[in-house]
Amino acid sequence: MKRKLMDQNMGSEIRCAIEELSVMVKVKGGILVPAAEHGGGDHAHEAAHIPTRPFLSLCTLILQVLDKIGPTMAVLSEDVHQNIRRLETKHESDPLTYSNMVEMLKDEATEGIARNDTSCSRAFVWLTRSLDFTVALLQNLVRDPGKNMKQAVEESYTITLKPWHRWISSAASKVALMLLPDNETFISSLMAKDENYDDLKLEIETLVSLLVPYLEQIHSILVNYLTTQRLPNAAAFFFLLWLTCVFYMFDYTLFCRDFITWIG
C-alpha cells in the first residue's frame, strides 16, 4: 500500500491511526464481526470479517511510529514492511475476494500452507504481534512518563515479541537497546507541530482505547474461526494449537474466559 509520508502540519501518525480506527468502528456498526457472536459453524466463518486495506493502513502508520524509535527497531520495521507488502500482493491478486483478511487465512488453511514461512497467515500473525508491541509500549509511556525508553521498550518487547524470537534475535535486541533515543526526543517526534505533551497524551490514550479492543477482536476471530475448522490431519491440529498460543499469549484472562465458554 503506497502511502505518502504525512505532513506534520496535517497531524501526527497517532492522529491518523485514530482516524483509521474510528472509520473502521463505523463500518457495519463495528470494527469486526467476531465468529463467536454468530453461533459458530460455517455461518460464523462467513460472518468473520477483518477489512484488509484498513488493517494494512493501520500497520503502515504503526510502522512510521516504530521508525521514530530509531535503529533499535530497524529489524522489526523491516519485518513489518515485508509482511505488509506480502498481504498487499495477495490482496491485489483478487481485491474483491481478499477485501476480507479471513479469506486469505481460510484459503491457506484449506491448502495446508498456513505455516509456511512465506504464507499470508504467518505475515498476519507477525503484524498482529507488532501491533501488540506498539500498544504495550504506548501504554508504558503514558502510564509512567518517568520511565526511561530503554525500560519501556524492554518491558514491552519481553511480553509481546521476545517469546517468539529466536535466541539470536533476542540477543541482538539487547545490543539494539543501547541505541534508543531518550523519552523527550521520542515523544517530540510523535507530536504534530500544533501539539503539546498533554494533547499527545490524550491522543495516545484514545488510540490505545481503540486499538486494544480491535486486537482482542482480531485474536477472537482467528481463534474461533480456526477452532471450528474441519482440519484434515494431525499437522493442522498442531498448527491450530500453535495459533491458539499466539493469539492468547497477550491476554491470559481473555483465554481463560473463552476456554470456559467453549467447555461450558
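This is a short tour of the structure, stop by stop, with something to select at each one.

**Before you start**

The model is predicted, so local features need pLDDT of at least 70 and side-chain atom pairs count only at pLDDT 80 or more, while totals for chains, interfaces and linings use all residues. Residues are numbered from 1 along each chain as its sequence is written, and side-chain values use heavy atoms, with hydrogens and water left out.

**The whole protein**

Begin with a cartoon view. The secondary structure comes to twelve helices and zero strands; helices (H or I, at least four residues) and strands (E, at least two) are DSSP runs, numbered from the N terminus. Of the 264 residues, 48% count as buried. Here buried means under 20% relative accessible area, exposed over 50%, and partly exposed in between (1.4 Å probe, protein chains only).

**Helix α3**

Select residues 52-67, which form helix α3. Its 16 residues reach 23 Å from the first C-alpha to the last, close to the 22 Å expected at 1.5 Å a residue. The expected span is 1.5 Å times one less than the number of residues. Helix α3 is mostly covered, with 13 of its 16 residues buried.

Now pick Thr52, which is in this helix. Thr52 counts as buried, at 0% relative accessibility. A polar atom of its side chain lies 3.1 Å from the backbone nitrogen of Met101. A polar contact is a pair of N or O atoms within 3.5 Å; within protein, one must be able to donate a hydrogen and the other to accept it, and residues adjacent in sequence count only if both atoms are side-chain atoms.

**Across to helix α6**

Phe55 lies in α3 and Phe124 in α6 (residues 120-143), so the pair ties together parts that are 69 residues apart in sequence. Both Phe55 and Phe124 are buried.

Next, colour all of α6. This helix has 24 residues and reaches 34 Å from its first C-alpha to its last, close to the 34 Å expected. Of those residues, 20 are buried, so α6 is largely enclosed by the rest of the structure.

The charged end of Arg129 sits over the ring of Trp126, 4.1 Å from its centre. For this, NZ of Lys or CZ of Arg must be within 6 Å of the ring centre and within 35 degrees of the ring normal.

**Helix α7**

Move on to residues 149-160, helix α7. Which of its residues are buried? They are Met149, Ala152, Val153, Ser156, Tyr157 and Thr160. Look down the axis of α7: these buried residues fall within an arc of 125 degrees, so they line one face of the helix. The arc is that of the directions from the helix axis to the C-beta atoms. At the start of α7, a side-chain oxygen of Asn148 reaches to within 3.2 Å of the backbone nitrogen of Lys150.

**Last stop: Glu184**

Finish at Glu184 in helix α9 (residues 183-190). Glu184 counts as exposed, at 64% relative accessibility.
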